[in-house]
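User: I would like a close look at a single part of this model, followed by an account of how its surroundings are arranged. Please give the cut-offs behind each term.

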Amino acid sequence: MNLFKVFKGTAEEVKLNPNVGTFSWILHRLSGLMLLAYLFAHMWVLGSAQSGPAEFDERLKLVQSPLFHFLEIGLILVIFYHMINGLAITIMDFANISQSHKKIVLISVIIFALVAIVVVSVMLPRALHHFTSGGAHAIS
């Protein structure tokens, strides 16, 4: 399957229907692809446990760098965006209120913003600590 076929027609859709629902739909697809990429990377690291502790520790050390502590913040934000947007889509579909999609998207954006503030305020000091200390401790 050609990955670009997934986004075939997206540019035309944005031109024909440039509203918050369209951009929410595009971001939902992109966040889903990011989560899929993370899943493969996660399985790559965990799969190395089959090769023994030395191989697992080597791969784990690679993803315990200060850069990856910042990327963890992005991962959590992508997870929450995808979850909140998916819940909004589900509510619109099952409650048959898609005519109010702009209000629902606005509510989901506000919820996501609040979650993002909490996530960044909790995780950023940890990431900065690991960045300034050189990431000496893999798990703390």
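Is Glu 55 buried, partly exposed or exposed, and why does it count as such?

Analyst: Glu 55 counts as partly exposed because its relative accessibility is 32%. The term covers the range between buried, under 20% relative accessible area, and exposed, over 50%, with a 1.4 Å probe and protein chains only. The model is predicted, so local features need pLDDT of at least 70 and side-chain atom pairs count only at pLDDT 80 or more, whereas totals for chains, interfaces and linings use all residues. Residues are numbered from 1 along each chain as its sequence is written, and side-chain values use heavy atoms, with hydrogens and water left out.

The side chain of Glu 55 meets that of Arg 59 in a salt bridge, at 3.2 Å from N to O. Such a bridge requires a side-chain nitrogen of Lys or Arg within 4 Å of a carboxyl oxygen of Asp or Glu. Both partners belong to helix 4 (residues 53-62), where they are 4 residues apart, about one turn of the helix. Helices are DSSP runs of H or I with at least four residues, strands are runs of E with at least two, and both are numbered from the N terminus.

Across the whole structure, the search finds 2 salt bridges. Glu 72 and Arg 126 form one of them, with their closest N and O atoms 3.2 Å apart. This pair links distant parts of the chain, since Glu 72 lies in helix 5 and Arg 126 in helix 6, 54 residues apart. Glu 72 is partly exposed at a relative accessible area of 26%, and Arg 126 is partly exposed at 32%.

In helix 3, the buried residues are Thr 22, Ser 24, Ile 26, His 28, Ser 31 and Val 45. Ser 31 has a relative accessible area of 2%. Apart from neighbours within four places in sequence, Ser 31 is in contact (heavy atoms within 4.5 Å) with Val 78, Tyr 81 and His 82.
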